[in-house]
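Walk me through this structure, with the cut-offs spelled out as we go. Start from the charged pairs on the side chains, then move to the strands and the cores.

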Amino acid sequence: MATPHNEAKNGDIAKTVLMPGDPLRAKFIAETYLENVNCFNTVRNMYGFTGTYKGKMVSVMGSGMGMPSIGIYSYELYNEYDVDTIIRIGSAGSYCDKLRVFDVMLADSAYSESSFAKVQGGYEDDITYPTESLNMDIMNIAKELGKTIKIGRVHSSDVFYRQDKSPYYKDLYENKQCLCVEMESFALFHNARILGKNAACLLTISDSFVSNEITTSKQRQQSFTEMMEIALETAIRR
């Protein structure tokens with residue numbers, strides 16, 4: 001049934017959902033890769049689409065930016081629409097020279113200063129984790145496709161613009177082992193854990209704290225195809 005944020009009907013959404021932050025990236029994926037596409041949600045322009053990829057049903061839906069936003073959409077997909085698996089496919093900023101622009105990274109954990117998990121479900125730790133078996137599937141499929149992915153911890157930040165102009169990211173890299181920063185995975189992993197569901201996060205590096213590399217908004221929307229193709233291939237094998 002519909003929720004305040006999603007007008008989809010039961011049966012409109014596949015068991016596996018790919019979830020970029022940008023709803024226009026969801027639209028691009030649907031138009032580029034899926035056949036027999038149905039747009040199941042336009043509420044708040046948070047587009048959601050279901051179609052077939054290589055003959056199998058897959059959904060893709062935007063999450064918006066930040067943990068409160070993905071917290072709402074992922075919880076409803078898991079709890080109201082019986083989705084089993086969400087693979088976040090997002091962008092991230094590199095904290096180190098190990099990750100360059102357009103590199104693809106798979107999160108093996110998410111560190112955050114956020115109170116999201118504590119408030120939502122009493123979780124006291126500052127690290128959440130993806131589903132191990134799903135991560136293994138993604139790694140195996142990337143290898144099979146001949147695509148290189150890097151693996152490590154992400155920093156899920158509540159704040160994009162900081163007043164602190166010091167190189168704070170160095171502490172996050174050196175002492176918290178965070179290789180890059182994004183804004184959603186900590187909450188997604190928490191929701192999956194409390195609801196007994198599956199979650200993973202694939203990221204493409206869009207900019208860097210340690211170099212002048214950067215991507216345009218159009219590139220972030222349309223050019224992260226390696227990440228998309230790994231996620232799509234994983235989705236149809238779940």
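Lys118 is partly exposed, with a relative accessible area of 49%. Here buried means under 20% relative accessible area, exposed means over 50%, and partly exposed lies in between, using a 1.4 Å probe and protein chains only. The model is predicted: local features need pLDDT of at least 70, side-chain atom pairs count only at pLDDT 80 or more, and totals for chains, interfaces and linings use all residues. Residues are numbered from 1 along each chain as its sequence is written, and side-chain values use heavy atoms, with hydrogens and water left out.

Lys118 has a charged partner. Its side chain meets that of Glu124 in a salt bridge, at 4.0 Å from N to O. A salt bridge is a side-chain nitrogen of Lys or Arg within 4 Å of a carboxyl oxygen of Asp or Glu. Glu124 is exposed, at 62% relative accessible area. The structure holds 15 salt bridges.

Two of these pairs reach across the sequence. Asp137 bridges to Arg238, with the closest N and O atoms 2.6 Å apart. Asp137 lies in helix α4 (residues 132-145) and Arg238 in the segment after α8 (225-235), so this pair ties together parts that are 101 residues apart in sequence. Helices (H or I, at least four residues) and strands (E, at least two) are DSSP runs, numbered from the N terminus. Asp137 is partly exposed at 29%. Arg238 is partly exposed at 38%.

Next comes Glu144. Its side chain meets that of Arg237 in a salt bridge, 2.6 Å from N to O. Glu144 is in helix α4 and Arg237 in the segment after α8, so the pair ties together parts that are 93 residues apart in sequence. Glu144 is exposed, with a relative accessible area of 53%. Arg237 counts as partly exposed at 42%. Elsewhere, Lys15, Asp82, Asp84 and Lys197 are linked in a network of salt bridges.

Contact means heavy atoms within 4.5 Å. Thr16 lies in strand β1. At 5% relative accessibility, Thr16 counts as buried.

How does β1 pair? Strand β1 (residues 16-19) runs parallel to strand β4 (residues 56-61), over 2 bridges. Two strands pair if DSSP finds at least two bridges between them. Leu18 has Val60 in β4 as its bridge partner. On β4 there is also strand β3 (residues 48-53), antiparallel over 6 bridges. Thr52 stands opposite Met57 in β4. β3 and β4 form a hairpin with 2 residues between them, and Lys54 in the turn has a positive phi of about 55°.

Now the interior. In soluble globular proteins, nonpolar side chains tend to be buried together. A nonpolar core is a set of buried Ala, Val, Leu, Ile, Met, Phe, Trp, Tyr and Cys residues joined through side-chain atoms within 4.5 Å. The largest one has 36 residues, of which Ile13, Met61, Leu77, Val83, Ile86 and Cys180 touch the most other members. Elements giving two or more residues to this core include β1, α2 (67-80), β5 (85-94) and β10 (198-208). Leaving aside neighbours within four places in sequence, Ile13 is in contact with residues including Phe40, Met57, Leu77 and Val83. Apart from this core lies another, of 29 residues, among them Leu34, Val60, Leu134 and Phe224.
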